[in-house]
Amino acid sequence: MSIGEFLLRRLEEAGVGHLFGVPGDFNLELLQQLEDSSRLKWVGTCSELNASYAADGYARLHGMGALTVTNAVGALGAINGIAGSYAEHVPVILIAGSIPLRSIERGLGMHHTTGDGTWDRFLGAFAQVTAAQVRLTPNNAVIEIDRLILTAWREKLPVYLELPSDIAYLNVEVPAAPLILADPPCDQERVQSCAAAIAGRLSRAKAPAILVDQDVDRYGAAPEVIALAEKMGLPVAVTGPAKAVIDETFPHFAGIYNGKASDSRTREAIEASDCLLSIGYRPIDGTSGDFTASLPADTIRARGHSVDIGDDNYQAVTLKEVLRGVIDAVSSTDSGPARQAPAAAAPAPRRPDGSEKLTQAAYWEAIQGYLRPGDVLLTDNGTSYAIFGLRLPAKCSVVASIIWGSIGYSVGALLGTLTAAPQRRHLLFIGDGSFQETAQELSTMLRHDCKPVIFLINNGGYTIERGYLGKNSTYNDVATWAYADLPKVFRPDTTARSFVCRTVADLEEALRAPNDRLIFIESVMDPHDAPASVIHSSNNGAELDYGPRGPQHRDDAQLRPVT
Ligand SMILES: Cc1ncc(C[n+]2csc(CCOP(=O)(O)OP(=O)(O)O)c2C)c(N)n1
Ligand SMILES: [Mg+2]
C-alpha cells in the first residue's frame with residue numbers, strides 16, 4: 001500500500017472521519033489520495049489556524065481530530081492552535097506536507113523554507129508543543145505512523161508528522177490488522193492495591209469528595225466518576241475547564257471549584273473534605289481562584305496513567321480501571337439525597353420590560369431559558385464567560401479554551417464540533433473582538449449547511465480587557481462591523497436567519513426562531529456592561545499581572561463592579 005494511503009487508512013481506523021486543512025503543493029498529493037480513496041471527508045478551511053481550532057473542536061467531541069497543511073507557512077499558521085491542544089490535552093494529528101526528501105538529500109533550497117538550506121526548524125518548533133514529531137520516510141513510515149497516532153490517543157496530546165511530498169505514492173509493506181486504540185494493559189497488582197487504598201481512604205473519611213478537571217473528559221472517565229459518587233453519595237465539583245463534564249443535573253454535582261471565587265458550598269465541599277479524590281487537577285490562575293485554592297492535606301491525586309496517595313505513587317494504572325476498582329471495593333452508602341446541595345443556579349429572574357435596552361444581565365437570563373438538554377455550548381474569552389454561571393440542562397457539552405485562551409478559537413472549534421456531531425444543537429457565545437480574529441470560518445459553516453446558533457455580543461471592543469486596564473482607551477476598541485450581514489457576504493444565497501438585537505424584546509423574538517438553519521444573533525450592548533464575575537476576575541488578574549505599582553490604580557483606569 002502507498003504511504004499516503006496507509007496514513008489515511010490508519011486515521012480512519014482511529015475513528016477520524018474528517019480531515020481539516022488548507023492545500024499547498026507539498027500536501028496536494030495526499031489530498032489527491034484522499035479524494036481517490038474516499039476514506040476521509042475533506043473539510044477545507046479559510047486558514048490553517050482555523051483548521052487547527054476545528055480539529056481540536058472535532059477531537060473534543062469525537063476523541064481525535066486531524067488536519068493537513070503545507071510546509072512551514074501552513075504549519076506555523078496552525079501552531080497556535082496546536083499549542084492550545086497541547087495545553088488543553090486534546091489529541092490532534094497535524095500532517096504537514098513537506099518538502100521532498102530529494103531536496104533534503106541534495107541540499108536544494110526550496111520555497112516555504114528559510115532559504116538557508118535547513119530543514120529541521122519546524123520539527124524543532126513543534127517539539128515544543130507536541131507529544132511526538134517525525135519526518136516520515138519509506139523506512140520508518142509504517143512504524144512511525146502507528147506510534148504517533150497511538151501517542152496522541154494515549155497521552156491526549158497533539159502530534160506532528162511531516163510527510164515529504166515525494167514519498168506519499170511509494171508502496172511499502174503494511175500490516176493487514178487494523179490499528180487498535182488501546183492503553184497498554186495495567187499492572188494488575190498496582191491497579192488493585194491502588195483501588196483498595198483509595199476505597200479505604202474514602203470509606204473511612206467523614207466528608208469525602210471528588211474534584212474533577214478536564215482530563216476526566218479526555219480519558220472518558222465521567223461515567224465511572226458518576227457511578228462512584230452515586231454509590232457513596234459523594235459531592236463532585238468540577239473546575240471551569242471541566243464544566244459539563246459532570247452532568248449538572250446529577251444530584252451530587254457540587255458546582256464549579258475555583259478557590260475563593262467558588263460558591264461557598266462548593267468551596268466547603270472541597271476544602272473541608274477530609275479525603276479529596278482530585279482527578280487531573282491542574283492549578284492555574286483560572287482554576288485556583290488566582291491561587292487561593294486550598295486542597296485538603298489528604299488529597300489523592302489521580303491522573304490518566306498514575307495516582308499519588310500519601311507517600312505511594314502508582315504507575316502502570318489507567319484512570320478508568322482504577323475508578324472501576326474503587327467502585328467495586330467500596331460499599332454502597334444509602335445516603336438518600338445528596339449530602340451536598342448543588343451550587344447556586346443563575347441569579348433569580350427579574351422580568352425586564354421588553355422595550356428596555358439590552359443588558360448583560362437580561363441577556364444571560366434569556367440565554368439560560370434558551371438552553372436545551374444535549375446542547376453543545378462553545379464560548380470564547382470575554383463577557384461570554386458568563387456561560388460558566390449558567391445551570392446547564394442534562395447531557396450538554398461545553399467546548400472552550402480556558403487554559404490556552406486564544407481568542408477566536410471558538411469559531412474554528414465550532415466548525416469542528418458541528419462536523420463531529422451534526423445531530424446536536426450547537427450554540428456559540430462570542431464577543432466582537434474574539435470574532436474578528438477568525439470570523440471568516442463562518443463561510444465554511446454556511447458552505448456545508450451547518451445550523452449553529454451564533455450569539456455575538458457587539459460592545460465595540462474588548463470589554464473583558466477594560467476590567468484589567470484601559471476602561472476608556474482606544475486600544476480596547478475594535479472597528480464596527482455589520483456582523484449580522486456577514487452570512488450574506490460569506491454565502492450570497494444564504495437562507496440563514498440574522499438578527500440585530502438592541503432591546504430585550506428583540507432578543508426574545510430572535511430566540512423564537514426555529515433551529516432549521518444557521519441563526520446569527522448580534523446583540524448590541526454597552527462597552528461598560530459586563531457580568532460581575534468577569535469584572536472581578538479581570539480586576540484580580542490586573543493585580544497579578546501588573547503588581548501594586550501598576551497603572552490599574554490610576555483614576556478610572558479600570559472597569560469596576562457597579563456598587
Ligand atoms: C490570540 C489572543 N490575542 C489576544 C488575547 C487577549 N484577549 C483576551 S480577551 C480579549 C478581548 C475579547 O473581547 P471580546 O471578544 O469582544 O469580548 P467582550 O469582553 O467584549 O465580550 C483579548 C484581546 C487573547 N486571549 N488571545
Ligand atoms: Mg467585545
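**View 1. A backbone atom of Ile-407, N or O, sits 3.1 Å from a nitrogen atom of ligand 1.** This is a predicted model, in which local features need pLDDT of at least 70, side-chain atom pairs count only at pLDDT 80 or more, and totals for chains, interfaces and linings use all residues. Residues are numbered from 1 along each chain as its sequence is written, chains are lettered from A and ligands numbered from 1 in the order in which they are written, and side-chain values use heavy atoms, with hydrogens and water left out. Gly-405 also brings a backbone N or O atom to a nitrogen atom of ligand 1, at 2.8 Å. For Thr-463, a polar backbone atom lies 2.9 Å from an oxygen atom of ligand 1. Taken alone, ligand 1 exposes 600 Å², and the protein buries 81% of that (accessible areas come from the Shrake-Rupley method with a 1.4 Å probe; for residues, only the protein chains shown count as cover).

**View 2. The shell around ligand 1 holds 17 residues.** A residue is near a molecule or strand if one of its heavy atoms lies within 4 Å of it. Thr-383, Gly-405, Asp-432, Ser-434 and Gly-461 come nearest to ligand 1. Which helix gives the largest share of the shell? Helix H15 does, with four residues. H15 covers residues 432-438, and both H15 and H17 supply at least two residues of the shell. Helices here are DSSP runs (H or I, at least four residues; strands are E, at least two), numbered from the N terminus. By type, the shell has three nonpolar, 11 polar and three charged residues. Ala, Val, Leu, Ile, Met, Phe, Trp, Tyr, Cys and Pro count as nonpolar; Asp, Glu, Lys and Arg as charged; the others, Gly among them, as polar.

**View 3. Lys-471 forms a salt bridge with Asp-556.** The closest N and O atoms of this pair are 2.9 Å apart. The pair links distant parts of the chain, 85 residues apart. Lys-471 is in the loop between H17 and H18, while Asp-556 is in the segment after helix H20 (532-546). A salt bridge is a side-chain nitrogen of Lys or Arg within 4 Å of a carboxyl oxygen of Asp or Glu. Is Lys-471 buried or exposed? Lys-471 counts as buried, because its relative accessibility is 17% (buried means under 20% relative accessible area, exposed over 50%, partly exposed in between; 1.4 Å probe, protein chains only). Leaving out residues up to four places away in sequence, Lys-471 touches Arg-466, His-528, Asp-556, Ala-557, Gln-558 and Leu-559. Contact means heavy atoms within 4.5 Å.

**View 4. Thr-474 lies in the loop between helix H17 (463-466) and helix H18 (486-490).** Thr-474 is exposed, because its relative accessible area is 65%. Thr-474 and Ser-537 are 63 residues apart in sequence. In space, these two are 22 Å apart, C-alpha to C-alpha.

**View 5. Arg-60 and Glu-88 form a salt bridge, with closest N and O atoms 3.5 Å apart.** Arg-60 is in helix H3 (residues 48-62) and Glu-88 in helix H4 (residues 73-88), so the pair links distant parts of the chain, 28 residues apart. Arg-60 is buried, with a relative accessible area of 12%. Glu-88 also counts as buried, at 0%.

**View 6. Asp-308 pairs with Arg-303 in a salt bridge, with closest N and O atoms 2.8 Å apart.** Asp-308 is partly exposed, at 25% relative accessible area. Arg-303 is partly exposed too, at 32%.

**View 7. Arg-9, Arg-10, Glu-13 and Asp-146 are linked in a network of salt bridges.** A search of the whole structure finds 27 salt bridges.

Notes
A polar contact is a pair of N or O atoms within 3.5 Å; within protein, one must be able to donate a hydrogen and the other to accept it, and residues adjacent in sequence count only if both atoms are side-chain atoms.
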